[in-house]
Structure formats: C-alpha cells, structure tokens
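This briefing covers a helix, a loop residue and the aromatic pairs of one structure. Please view the sequence and the model alongside the text.

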Amino acid sequence: MASIADTTAIARPRRRRLELGIVLALAWLVLLVVLAALGPIIGIQNPDDGDLLDILSLPTAAHWLGTDSLGRDTFARAVYGAQVSLTVALGSVGIGLALGGTLGLIGGYFGRWPDRLIMGAMTVLLCFPGIILAIALVSSLGPSVGNVTFAIGVIFVPAFARIARANTLSLRSREFVLAAQSLGAKLPRILIREILPNLMPALLSYAVVMLGVAILAEAALGFLGLSVRPPQPSWGGMIAAERGNLAEAPHAVFIPAAVMFLTVLAINWLGEATRRLFDIRAQSL
C-alpha cells in the first residue's frame with residue numbers, strides 16, 4: 001500500500017505540470033490568434049510603416065519589441081506574420097488530412113489493386129525530400145499564401161494516407177463493420193458512418209502535431225524568399241531580412257524566432273495532450 005501511495009504522490013505533481021502546460025499553451029495560442037485576427041481593429045500599427053530615424057532600436061514603450069533595419073515595428077510585423085503562418089498551417093494540414101485521409105480510407109478498405117495503386121503513389125511522394133518538393137512546387141507556381149499552403153499540404157498527404165490506411169485495415173474487420181455489411185448497409189454509409197468516426201481520433205491527434213511542422217516549413221520557405229512577397233511580413237522572412245544585423249541587433253532576429261518557437265512548442269504540447277486523450281478513449285472501446 002505504501003508503494004501505491006508513493007506512486008500516486010509522484011503522479012500528482014506531474015499531472016499538475018501537464019495541466020499547467022496545457023493552460024499556458026492554450027493561452028499563448030488564443031492570444032496569438034486574437035492578435036492576428038483583430039490586429040487592425042485593436043490598434044496595432046501598420047507593419048509596413050517605418051521610421052528610418054529609428055532603426056534597429058531596442059524594445060521601448062513606443063515599440064514593444066524594437067524595430068527592424070527599416071524602422072518598422074517588430075511587434076506589429078510578428079503579429080501580422082502570424083496571420084501567414086497560421087493560415088498556411090491550418091490550410092496545409094487541412095489538405096493533407098482531407099486528401100490523405102480519403103486515399104488511406106479507400107486503400108485500406110478495398111485492398112488489392114486500389115490499395116497497391118494508392119500506396120505506390122504515396123511511396124513515390126515520400127521518396128522526395130519534403131522541403132525540396134515544396135521548394136519545387138512554390139518555385140513553379142510562384143510565392144503566395146495559397147501556393148505555399150498547397151505545396152506544404154501535398155507533402156503532408158502521404159503521412160496522413162499511411163495513418164488512415166493502417167487504422168482502416170484494423171477497423172474493417174471489427175464487429176460493427178461486419179454487422180453493417182451483413183445488414184446490407186451501402187458502401188458510403190459503411191465508410192462515413194462506421195469507419196470514419198473511429199478513424200478520426202488518430203488523424204486529428206497527428207494533425208495537431210503537424211500544425212507545428214507546417215509553421216516551420218512555411219518559415220523555411222519564407223527564409224528562402226519563397227513564401228509571401230515583401231513587404232508582407234512572415235516569420236521566416238523577418239529572420240532572413242535581419243540576419244545580416246545579428247551581431248549589431250540580435251533582437252531583430254531572435255524575437256521572431258522566439259515567437260515561432262513558443263508557437264510550435266505550444267502546438268506540440270497540445271498535440272501530446274490530444275494524443276493521450278485519444279489513447280485513453282481508444283483503450284475504453
């Protein structure tokens with residue numbers, strides 16, 4: 001009994017730290033989303049307005065996070081850069097989830113040649129390094145939020161397809177699916193009403209984590225000049241534009257990097273919490 005009590009006493013602080021981390025992660029993401037969505041309404045200044053007499057300044061009351069090499073407010077540019085990062089992250093993960101999940105569901109349920117065809121195509125896509133494929137697509141289509149979202153979404157498709165297929169293979173032989181088939185349920189009902197709801201927890205828990213990956217991918221493309229066109233701000237573009245001033249004004253580089261780091265960390269923390277939640281639900285089935 002003493003060992004059980006000791007284990008419980010140790011588990012409680014860990015649970016409290018996890019809950020505190022989730023609260024802080026949610027608070028950061030909510031704050032970021034609110035600022036990005038309501039920036040012009042709540043009075044955040046134009047990110048393109050600059051003062052050449054006040055370049056690379058340290059944080060002050062007028063400029064909370066300092067200014068860049070063109071005298072533009074770093075706080076305003078970081079907030080408006082969040083619009084690009086969050087839009088690309090949500091859009092690209094949505095593309096990967098919808099397209100990859102559908103292909104994996106079809107391949108896993110039907111098997112045979114549809115499965116071989118779909119998974120063969122996914123294997124070919126996985127042979128290309130993800131960032132190289134994204135660079136090639138954006139270079140061909142032109143830098144814009146829509147094209148970056150599409151390019152990152154394409155490289156997410158194979159991973160979602162594999163997860164959907166693996167789970168569908170185990171679900172298609174479950175009792176509730178066999179019962180629906182024996183009762184004469186049509187194929188769309190079996191896929192949408194029986195398999196898909198049980199497939200979504202695994203896909204959604206993975207999707208939360210991939211939001212952070214998408215933000216990093218967009219930042220990498222922005223650093224290479226393949227995201228939005230200047231002067232529209234993006235976190236990767238801000239880092240690239242100020243990297244030459246790293247020794248003189250490191251805050252101009254590290255502040256957008258820190259905002260991106262905190263955002264990805266918060267998303268990963270929520271992704272881990274989501275995975276644990278879905279694992280508990282899966283064990284109860």
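**Helix H5**

Helix H5 has a kink of about 35° at phenylalanine 156, shortly before proline 158; the bend at a residue is the angle between axes fitted to the seven residues ending there and the seven starting there. The model is predicted, so local features need pLDDT of at least 70 and side-chain atom pairs count only at pLDDT 80 or more, while totals for chains, interfaces and linings use all residues. Residues are numbered from 1 along each chain as its sequence is written, and side-chain values use heavy atoms, with hydrogens and water left out.

**Aspartate 68**

- Aspartate 68 sits in the loop between helix H1 (2–38) and helix H2 (74–110); helices are DSSP runs (H or I, at least four residues) numbered from the N terminus.
- With 5% relative accessibility, aspartate 68 is buried (buried means under 20% relative accessible area, exposed over 50%, partly exposed in between, with a 1.4 Å probe and protein chains only).
- Its side chain comes to 2.8 Å from the backbone nitrogen of arginine 72.

**Aromatic pairs**

- There are three aromatic pairs in the structure (ring centres within 6.5 Å; planes under 30 degrees apart are stacked, over 60 edge-to-face and the rest tilted).
- Tyrosine 109 and phenylalanine 110 pair edge-to-face, at 5.4 Å centre to centre with 90° between the planes.
- Phenylalanine 160 and tyrosine 206 are also an edge-to-face pair, because their planes stand at 75°, with centres 5.2 Å apart.
- This pair ties together parts 46 residues apart in sequence, since phenylalanine 160 lies in helix H5 and tyrosine 206 in helix H7 (residues 187–223).
- Phenylalanine 160 is buried at 0% relative accessible area, whereas tyrosine 206 is partly exposed at 27%.

Definitions and conventions:
Helix = DSSP H or I, 4+ residues; strand = E, 2+ residues; numbered from the N terminus. Polar contact = N/O pair within 3.5 Å; in protein donor to acceptor, adjacent residues only side chain to side chain. Phe/Tyr/Trp six-rings, centres within 6.5 Å; stacked < 30°, edge-to-face > 60°.
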